[in-house]
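Please look over the sequence and structure before reading the points below.

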Amino acid sequence: MRETEAYGAEAHAAAAPPAPAARPGWFARLSQGLRKTGSSLTQVFTGTRIDDTLYEELESALLMADAGVKATEHLLADLKRRVRERKATEPAAVRTLLADAIADLLAPLERALVVGESVPTVLMVVGVNGAGKTTTIGKLTRHLADGGCKVLLAAADTFRAAAREQLAVWADRNRVEIVSQEGGDPSAVTYDAVMAGQARRCDVVIADTAGRLPTQLHLMEELKKIRRVIGKAQADAPHEVLLVIDGNTGQNALAQVRAFDEALSLTGLVVTKLDGTAKGGVLAAIALWARERAQADLARRPVAVYFIGVGEKLEDLQPFSAREFALALLG
Ligand SMILES: Nc1nc2c(ncn2[C@@H]2O[C@H](COP(=O)(O)OP(=O)(O)O)[C@@H](O)[C@H]2O)c(=O)[nH]1
Ligand SMILES: [Mg+2]
């Protein structure tokens, strides 16, 4: 059996941000991508005094960034505590302390995606149409294949020919195998793929699913069925149920997280399109949701944010680092 591979493990080995050399240009792209979200936040700290006005402006900026009411309250209370403790007197110092507060809030979301503990490791990827599922799978496949993993793709979004073709292009480009079937049943295709993955000793099987169905069917029921069928093909699978969300959708993304988690019990998230949005604060809202979820059931595996995306290029999808995110946001 091959050794466990933790994609992005180097980036997550310590609390410190990943070494820039490991991901050339990434911090600059992340900063650029988060600029719209960050500019209204950094604006707050251009004055000369730490007073009620500063905190009020910060509250508005966090709400505007779609951090949500609860995470905004949490961050403000945490920040005021830090300011008292450090006896900060300059707005610039408060800005640094806010970065600390955001990094601490987001830290529990940071975890490396581990593949290789089971052969194959089965990943089920879900999300609404256009969130970025197929492109994320393509990018992830490339990273895994580059790392020496044998990957098999399952085209379980069988309802649209374009969806199958799009995944086939990625499979071709990455020279990995794909199980696809015109007009086939999504569960049957996924089942076949997991069985093929076992027979061919693949390291990873990734199932791409539909984000919307022909109207008479119910998406969540279909996805639950796929999840069940994966378990029939391989008892300990799926090992990951990943929800891809579009960072542009802000608070609506949180509603999607709740709905998909309720139906499928998510293990991880991928947040795409953080470039060109002013709503990147939604990660704070997600962090608070994940914290409450963990507190409600301590035995349950917590939800991670495995990757974030700031563009359409291959290198624009990278493992999530809480500290790096906070620094890029307020830098
Ligand atoms: N700007 C930007 N576009 C992205 C990102 N991730 C995906 N996209 C684009 O979003 C569109 C929809 O992606 P797709 O993977 O087809 O979504 P799916 O319907 O969930 O499979 C495509 O044009 C992607 O190139 C990102 O991080 N930034
Ligand atoms: Mg797709």
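Ala, Val, Leu, Ile, Met, Phe, Trp, Tyr, Cys and Pro count here as nonpolar, Asp, Glu, Lys and Arg as charged, and the others, Gly among them, as polar. By these classes, the lining of the largest pocket has four nonpolar, 10 polar and seven charged residues. The space taken by ligand 1 is this pocket (a molecule sits in a cavity or pocket if more than half of its atoms lie within 2 Å of its grid points).

**Conventions**

- The model is predicted: local features need pLDDT of at least 70 and side-chain atom pairs count only at pLDDT 80 or more, while totals for chains, interfaces and linings use all residues.
- Residues are numbered from 1 along each chain as its sequence is written, chains are lettered from A and ligands numbered from 1 in the order in which they are written, and side-chain values use heavy atoms, with hydrogens and water left out.

**Largest pocket**

- On a 1 Å grid over the protein atoms alone, a pocket is an open set of points with protein on both sides within 12 Å along at least five of seven lines, whereas a cavity is a set where a 1.4 Å probe fits but cannot get out; lining residues have an atom within 4 Å of a point.
- The largest pocket holds about 320 Å³ of space (volume is the space filled by probe spheres set on the points, which are joined across faces, edges and corners).
- Its lining numbers 21 residues, with G130, A131, G132, T135 and K273 nearest the centre.
- Helix α7 (133-146) and helix α8 (161-174) each supply at least two lining residues, and α7 gives the most, with five (helices are DSSP runs of H or I, at least four residues, numbered from the N terminus).

**Ligand 1**

- Around ligand 1 there are 16 residues, the closest being G130, K133, T135, D275 and E312 (near means a heavy atom within 4 Å).
- This shell divides into three nonpolar, nine polar and four charged residues, and α7 provides its largest share, three residues.
- Polar contacts are pairs of N or O atoms within 3.5 Å.
- An N or O atom in the side chain of T135 is 2.7 Å from an oxygen atom of ligand 1, and a backbone N or O atom of G132 lies 2.9 Å from a ligand oxygen.
- Taken alone, ligand 1 exposes 590 Å², of which the protein buries 80% (Shrake-Rupley method, 1.4 Å probe).

**Largest cavity**

- The count comes to one cavity of 30 Å³ or more, and the largest cavity contains about 70 Å³ of space.
- Of its 13 lining residues, I102, G280, G281, A284 and L329 lie nearest the centre.
- The lining has 11 nonpolar, two polar and no charged residues.

Technical notes
A polar contact is a pair of N or O atoms within 3.5 Å; within protein, one must be able to donate a hydrogen and the other to accept it, and residues adjacent in sequence count only if both atoms are side-chain atoms.
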